[in-house]
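Hi everyone, thanks for coming.

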Amino acid sequence: MAFLLVLILLANPVDASLPQWMTAEECLRVDEIGKGHIVTVPPEGWVETPGEFEPLYGVFVTWRYEYGSNQDIIFCDIVREVAEVSKAHIIVRNSNEQNNVTNYLTSHSVPLDSIFFMTFSNNSIWSRDYGPWFMRKEDNTEGIVDFIYNRPRPDDDTIPWRIGNAWGISVYGSPLEHPGGNFMVDGLGTGFASNLIYEENPSYTHQEIDSFMLAYSGLEHFIVLQRMNTEYTGHIDLWTKILNDTLVMVGEYAQGHSNYALLNQNADSISRCKNREGFPYRVVRMPMPWSTSNAPPTYLNSLMVNRKVLVPLWGEPEDDTALFIYQQLLPDYEVVGIDCSAMAGSGGAIHCITMQSPSRRFVHIRHYPLPDSTNDTLNPYRVRAQIITSSSLITDSTLVFYKVNSTPTFSATPLAAVSGSLGVYAGYIPAQSPGDTVYYYLLAKNSDDIRRTSPVDVPPHIYSFLVAPGVSVAESNIRPQGFSLLISPNPVRSRLTFSISLGEETDVRIEIYNLLGQRVKLFENKKCKQGRHTIEWNLRDTENQRLAQGIYFYSISTNKGKKRGKVLLIK
C-alpha cells in the first residue's frame, strides 16, 4: 500500500490553478475521479468525529500564491485570525511559494510564531473538499478519514495521506466520493449532507452509504437534505452551519426566490430531529443575499476556531445583519468579518478554503439516556457510557451526578471501568421510590485537564426518568475473550477467511449481521479441536444470495468467550 501511495504522489505533475467547479477539460476526465484512491478497512469499534465548533489544534489552508492577487489578502486575513488562537498550517507547493507567502504575511504585519508550512504538490485551493477528516477511535488515538475527492485532481486527493504520514496518524480510505463542503457533524454521532452524496455514489444504496458513514466516521444518524436549486456545488456548507450540539443555522431567502420554500423545508426537517442525547435541534435562520447565480454569496460559509468565528462579507446590505446574528447566537465568541468579495462567483468562501484539525486533548462520552420510565424500585439504576480520552481519566472526577425530584443539590457516584470492555464505564444510581423523578448527568475529566459532560450542555440540559412500581431485568455480560482470531482480507471482494486458534476443544459459532442487527448468515456451528482452524466464507447469506456491498458485523462465540468486529464488503 505504501509503495502504491508513493507512485501516486510522484506520478502527477503540478497543474495550473483550478476553480471549485470542474473545468471543461476536467469534464472529459471524470473517469479519473478516485483513480488510485486507496480503500481500507474502517477502524475497529466506536469512532467519534468531533464538531467543527469544538476546540481546534490548527487550521489548514492551501495557499497558491498569486492564484489571484486580490485573493491573497483573503488568505492573509484568515491566517492572521487563526494564528491568534490556534496553529495555522499553510500548504504550499515549493520553497519559492513558501518564501513568497512568508514575505506577504510579514509585509502585512502577521506574526509567524503559530504559522507552519507543509510542502505538498496540489491542484487547487479548495482544502475543505479534499482535506483530512479527523476522528477519534475507541483505542483513544486519532485517525483520519480520506473520502474520494469529487474532482479529477490526484494531487489534492492525496493530501489526507500526506498529512497522516507527516503526523503519524492512521488514515482510513472510505469508498465514498464525498467532498468536505458537503459534510457537517454535531460531534455526537449525527452528520448532515445534501443529496449530492446520493448523486455522486449511484452504485451504493442509501443504506450502504449510511453504513460507510457509521463505520468510518461514527455517524449513527446521517441526515440527508435536498440540495439548493441552481447552486453549482450542491454543498451543504453554503446554507447550513452547525454552531453547537443542538444549534443549527439554516439560510433563508426572501419569498419569491427559487430556494425560499426549499430552505424552509430543510430547516423544518432539521428541527424535527434530535441528537444522540435526546435533545431536539434548535434551528435559527440567516438571511441570504438575493442572488440567482449558480455561485451565490452566503454568510454560512464561515469558520469556527477556538471561540472565534470568521464570517465572509460581500459588500451586501445584509453584511451587518449577518455579523449581528452571529454575535447574538454566540455571545462568547469573537465575531470577525472578512471581506470575501474577491471570491464572489467562485462557489465558496472561508469554509471552503480551510480545514480544521481538532485539539489533540479530548474527552468524548457516548451515553444513551436511560428510558423515560422504569418499573424497578429495588435495584440501583446502571448508568453505562463509553469514553474516548487523550489521557488517563481522573478517578475522582469521572462521576455520575444525580438528584431526586426537587432536591436542590446533586449527589455523586463514581463511574468505574467495566472489566473486559475497552473504554466502557458504569455507575449506579440508588433505587428510588415509586413516583420519583431522577435527574442525572455524567462528568469525565482527564489528566490533560479536559472536562466533558453528558449531556454536553449542563445545565440547561439534563437526563431524567420516572420511577414506577415493578421489577427490572439485569444486563448480561460477555465473558472475557479466550481465543485468538485473524480475518483477511478486509476489505473483501470475494472470499473471507477466519483463522482461529483454540487452546482447547470447544464449540465454535460464527454469525454475520447487517447494520440493522439482523442475522444474515450462520455458517459455522460445531465443535472444534484444539489448534488452528481456517474457515472460509463466500460472502453469501442464508439464501445463498451474494450480500450487497457495505459494512457487516461478525460474532464468533466459543465456550471461552466471544469476539466481534466488522468487515467491509466491496465490489
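I'll talk about a sheet and its helices, then aromatic rings, then a pair of strands, the cysteines and a couple of single residues.

One thing to keep in mind throughout: this is a predicted model.

Okay, let's begin with the sheet. Quick reminder for anyone new to this: the strands of a sheet pair through backbone hydrogen bonds, and they can do that either parallel or antiparallel. Ours is an open sheet of three strands, in the order E11-E12-E13, and the pairing is mixed. Which strands sit at the edges? Those are E11, residues 240-242, and E13, residues 282-287, and each of them pairs on one side only. On average, neighbouring strands here are turned by 25° against each other, if you ignore direction.

Now look at E12, residues 247-252. Strands E12 and E13 run parallel, and six bridges join them.

I'll show you two of them. To describe a pair of aromatic rings, you give the distance of the centres and the angle of the planes.

Pair number one is phenylalanine 279 with tyrosine 463. Their ring centres are 6.3 Å apart and the planes make 25°; planes under 30 degrees apart count as stacked, so that's what this pair is: stacked. What I like is where the partners come from. Phenylalanine 279 is in the loop between H10 and E13, while tyrosine 463 is in strand E27, residues 463-467, so the pair links distant parts of the chain, 184 residues apart. Are these two buried or exposed? Both phenylalanine 279 and tyrosine 463 are buried.

Pair number two is phenylalanine 410 with tyrosine 441. This one is edge-to-face, with 5.3 Å from centre to centre and 75° between the planes. Phenylalanine 410 lies in the loop between strands E21 (399-404) and E22 (411-414), and tyrosine 441 is in strand E25 (residues 437-445), so the pair ties together parts that are 31 residues apart in sequence.

Take arginine 360. Its charged end sits over the ring of tyrosine 57, 3.9 Å from the centre. The charged end of arginine 360 also sits over the ring of tryptophan 167, this time 4.7 Å from the centre.

Next, a pair of strands. E2, residues 56-62, and E17 run antiparallel, joined by four bridges. In that pairing, glycine 58 has serine 357 of E17 as its bridge partner. Strand E17, residues 355-358, is covered on both faces: Met355 and Ser357 on one side, Gln356 and Pro358 on the other, all buried.

What about disulfides? A search of the whole structure finds zero. Take cysteine 340: the nearest cysteine sulfur belongs to cysteine 352 and is 10 Å away. Cysteine 340 is buried, since its relative accessible area is 0%. Cysteine 273 is buried too, at 15%.

Last stop, two single residues. Serine 291 is in the loop between E13 and strand E14 (303-304), and at 12% relative accessibility it counts as buried. Beyond its close sequence neighbours, serine 291 is in contact with Tyr253, His257, Pro296 and Pro297.

Phenylalanine 553 is in strand E33, residues 550-558, and counts as partly exposed because its relative accessibility is 28%. Leaving out residues up to four places away in sequence, phenylalanine 553 touches several others, including Tyr513 and Leu515.

Definitions and conventions:
Residues are numbered from 1 along each chain as its sequence is written. This is a predicted model: local features need pLDDT of at least 70, side-chain atom pairs count only at pLDDT 80 or more; totals for chains, interfaces and linings use all residues. Side-chain values use heavy atoms; hydrogens and water are left out. Two strands pair if DSSP finds at least two bridges between them. Helices (H or I, at least four residues) and strands (E, at least two) are DSSP runs, numbered from the N terminus. Axes are lines fitted to C-alpha atoms, for helices over the stretch in contact, and angles run from 0 to 180 degrees between N-to-C directions. Rings of Phe, Tyr and Trp (its six-membered ring) pair if their centres lie within 6.5 Å; planes under 30 degrees apart count as stacked, over 60 as edge-to-face and the rest as tilted. Buried means under 20% relative accessible area, exposed over 50%, partly exposed in between (1.4 Å probe, protein chains only). A charge sits over a ring if NZ of Lys or CZ of Arg is within 6 Å of the ring centre and within 35 degrees of the ring normal. Contact means heavy atoms within 4.5 Å. A disulfide is a pair of cysteine sulfur atoms within 2.5 Å.
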